[in-house]
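Please keep the sequence and the model in view while reading.

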Amino acid sequence: MKLYQNGVYLVNGTELIEDNKAGTDKLLSGAGISVTKEKAAENTIAYGILKEHNTSGNMQKLQIKFDKLTSHDITFVGIIQTARASGLEKFPIPYVLTNCHNSLCAVGGTINEDDHMYGLTCAKRYGGIYVPPHQAVIHQFAREMLAGGGRMILGSDSHTRYGALGTMAMGEGGPELVKQLLSQTYDINMPEVVGVYLKGAPVKGVGPQDIALAIIGEVFANGYVKNKVMEFVGPGVSNLSVDYRIGVDVMTTETTCLSSIWRTDDAVKEFYEIHGRKEDYKELNPGQAAYYDGMIEIDLSEIRPMIAMPFHPSNTYTIDELNANLMDILDDCEKRAQVSFDGAVELDLKSKVRNGRLYVDQGIIAGCAGGGFENICDAADILEGASIGPDEFTLSVYPASMPVYMELVRNGAAAVLMQTGAVLKTAFCGPCFGAGDTPANNAFSIRHSTRNFPNREGSKVQNGQVASVALMDARSIAATAANKGYLTAATDIDVDFSRPKYFFDSKIYANRVFDSKGKADPSVEIQFGPNIKDWPKMSALPKHMLLKVAAEIHDPVTTTDELIPSGETSSYRSNPLGLAEFTLSRKDPAYVGRAKEIQKAQKAIEEDTCPCEAVSELKPVMDVLKERYKDIGRDTIGIGSTIFAVKPGDGSAREQAASCQKVLGGWANIAHEYATKRYRSNLINWGMLPLLIEKGELPFTIGDYIFLPDIKKAVEDQLSEIQAYVVKDQSLKEFKLTLGELTDDERAIILKGCLINYNRR
């Protein structure tokens, strides 16, 4: 795999010319090309799609309107509640509400099913589409029923990626979907486009997860594609089936790219024909000479079975490399765990080595990444006639949709898998976020799913539990299962893949999915439940701001799972205050108490009482401030909390990572950088300042107070540098923060206090 350090021209879809030599123009001329770099950049597939959806008239400052929206039952209640508070009357574009995260309804009594009934009645009232539990995971339904060539889809799940089908899709926090529901726009600078040039073909046994992990391992740490669009081109694309392309595409989220798009061909055309939507196919190719801001060149034939060891999809090795350096790599993983868990529990992976081989306790093939038809059929071919054995090892398989499941039953693959001792389950995202198939304490699970962050397998460090997940392809998981749990690469198995043809039967959806066809029915009463709560009142940005540092996280990267846990807490997603009790519970259990204590001061201000009486430690702090700033008073200052993290926001698009801090009185985050655009957007949409501080020794620590004088004017005047002071020992110690680029709407949202206030009627 080669990462080009300069821009690259793609000529006629097959020739790469790097823009780093004096002879670049000569090479282009030799290929019969005469074009400026700027014009060639307009010849990417991504540019064309973005241009068609941009409403600003300025291709450097995009204002995008999407064709369709999609959410699941962890996110859609909060989104619709936010939109309702802003005067929602009808869904202006198709909006699909799927139920694939809380579908087990296993915790919290009625609250999960209450959310489902809320979704169904909202789909009827506002004119949406409702997919009941167990029918399909969010992204498989979108592939089967929503995607289309040249379209754009916005989803409230980070793995919203349908580029392999010719659809530019993006996963964002809920407030960005609210904007679309209110006929507003998705505002971004024109992103850079990085080409992914594929050549050759995969060897037998190598699957899409292997290709994806190889890419992630190369580009995550160096930020090569961060917030950029990945465009898959080259002759190797046509050597991959569409199912295979989808499996690679969905994992591009783990590179931290903004979106993805692939060139399309007859195989994609056939996909749409199989799904009864041939009119949705569109041929997409870059122009004769297309300029890319970077290029990843991959010879598919060189990729070998991969494994992403705990605790990140970028912690990658070939399986052969792992087996050859087993004890050293396991030792490194255990040391990483000490950092991830702050020494609270001890991960012991070396005890998994038996007779020099790594023994695995659990295999999972599931969700939007692993649950595809070809993945499961290939796994069945590898396992035919085998037994997974009666020991610790278990294997669970989750087809990504009921139509996929039904075809596996019809062609016999389901029976083959069940005969081995494997268990087939319905479409469910639980294994991807820690709400299903939780292994035993200190167990090691291999999964063809999307993430292996700490606790994504469902264990609770706060209760002394620890388990770990490695990501692998379904084929190598099946090979491991055939060897009764001993780690095995699929390339080490002698198998002839049957490659059965897929037949899509739409009757299941026709019989079960509610589709309003875009017609709203205002007479339908929305069905609520006792856990579905409105958002609490949120104050506008004050003139001055006083922040107490309530948490300090020094991990290299902080995931959204660590900011607000996934798993069983997802049952409380419809209750902002209830869910907020879990904020940072895996990283800093004392955070909630600290935030709520200082929040008393802001509540006192809002009730026109003295904040120093509510929080006695504030008096000496306020005395220091009033000596320099004579206008300090209840009508000029806001008091709340902030957190510091080195690089927060990797992973999920869940807005609750930000909104939970907000409802606890959070006014800001301070970071060296933000891991993803979507987390920074979530902060902004919830009225929180996305502050940055240069790397180095921090001027503050937990418990310190930070004063931001005239912060409102700084936002209004578009200042990038923010004056700040640590208030300590009866003095003010000055330091600098920056705010980064904000659009006019983003500034207005922060000034109003949140998106709800900005839109409230």
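The points below cover a helix, a core residue and the cavities. This is a predicted model, in which local features need pLDDT of at least 70, side-chain atom pairs count only at pLDDT 80 or more, and totals for chains, interfaces and linings use all residues. Residues are numbered from 1 along each chain as its sequence is written, and side-chain values use heavy atoms, with hydrogens and water left out.

- In helix α4 (residues 76-85), 8 of the 10 residues are buried, that is, under 20% relative accessible area with a 1.4 Å probe and protein chains only.
- Helices here are DSSP runs of H or I with at least four residues, and strands are runs of E with at least two, numbered from the N terminus.
- The cover over the buried residues of α4 includes β6 (95-98) and α5 (111-126).
- Tyr95 is in contact (heavy atoms within 4.5 Å) with residues including Phe76, Ile79 and Ile80, leaving aside neighbours within four places in sequence.

**Asn682**
- Asn682 belongs to helix α26 (residues 677-685) and counts as buried because its relative accessibility is 1%.
- Beyond residues up to four places away in sequence, Asn682 touches Gly173, Gly174, Pro175, Ala653, Arg654, Glu655 and Ala658.

**Cavities**
- A cavity is a set of points on a 1 Å grid over the protein atoms alone where a 1.4 Å probe fits but cannot get out, and its lining residues have an atom within 4 Å of a point.
- The largest cavity is lined by 19 residues, of which His101, Asp157, His159, Phe433 and Arg456 lie nearest its centre.
- Residues lining the second largest cavity include Arg161, Met170, Lys677 and Arg678.

Methods
Buried means under 20% relative accessible area, exposed over 50%, partly exposed in between (1.4 Å probe, protein chains only). On a 1 Å grid over the protein atoms alone, a cavity is a set of points where a 1.4 Å probe fits but cannot get out, and a pocket is an open set with protein on both sides within 12 Å along at least five of seven lines; lining residues have an atom within 4 Å of a point.
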